Amino acid sequence: MVIPLHGLKPGEVAHIVELRSNDPARLDRLCALGLVPGSRIVLQQVAPALVFRVGETEVSIDLAVADEILVRTG
């Protein structure tokens, strides 16, 4: 099932399917952090910001950005 990143619960593992931002600069920043289709992520916390790990990088984003990252669980 494909869901936005903010739909995960802490501790859940997923793989990025698609980045849907209309902001090219945001897409560049996310890709530079390792957020590309196929990347494995682990959600660590949901409040006050979403924090997840991709590879050896820990990333913190707000809900608006998390809504643009589609992931597949399982």
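Two strands are counted as paired if DSSP finds at least two bridges between them. Helices (H or I, at least four residues) and strands (E, at least two) are DSSP runs, numbered from the N terminus. This is a predicted model, in which local features need pLDDT of at least 70 and side-chain atom pairs count only at pLDDT 80 or more, while totals for chains, interfaces and linings use all residues. Residues are numbered from 1 along each chain as its sequence is written, and side-chain values use heavy atoms, with hydrogens and water left out.

**The sheet**

Start with β2 (residues 13-19) and β3 (residues 40-45), an antiparallel pair over three bridges. Within this pair, select A14 and find I41 of β3 opposite.

Now show every strand. Six strands form an open sheet in the order β1-β6-β2-β3-β4-β5, with antiparallel pairing. The edges are held by β1 (2-4) and β5 (57-61); each has a single partner strand, so one side of each is left without a neighbour in the sheet. Neighbouring strands of the sheet are turned against each other by 40° on average, direction ignored (axes are lines fitted to C-alpha atoms, for helices over the stretch in contact, and angles run from 0 to 180 degrees between N-to-C directions).

P4 has L70 of β6 as its bridge partner.

Move to α1 (24-32). D23 caps its N-terminal end, with a side-chain oxygen 3.0 Å from the backbone nitrogen of A25. A polar contact here is a pair of N or O atoms within 3.5 Å; within protein, one must be able to donate a hydrogen and the other to accept it, and residues adjacent in sequence count only if both atoms are side-chain atoms. After α1 comes G34, with a positive phi near 100°.

Next select S39, in the loop between α1 and β3. Its side chain reaches the backbone oxygen of G34 at 2.8 Å. S39 has a relative accessible area of 12% and is therefore buried (buried means under 20% relative accessible area, exposed over 50%, partly exposed in between, with a 1.4 Å probe and protein chains only). Leaving aside neighbours within four places in sequence, S39 is in contact (heavy atoms within 4.5 Å) with A14, H15, I16, G34 and V54.

Follow the chain into β3 and on to β4 (residues 50-54), its antiparallel partner over four bridges. The two strands form a hairpin with four residues between them.

β4 is mostly covered, with four of its five residues buried. Select F52 in this strand: its relative accessibility is 0%, so F52 counts as buried. Not counting residues up to four places away in sequence, F52 touches L5, L35, I41, V42, L43, Q44, T57, E58, V59 and I61. A distance can be drawn from F52 to A66, 14 residues apart along the chain; their C-alpha atoms are separated by 10 Å.

Finish at β5, joined to β4 by five bridges and antiparallel to it. V54 stands opposite T57 of β5. These two strands form a hairpin with two residues between them, and G55 in the turn has a positive phi of about 65°.
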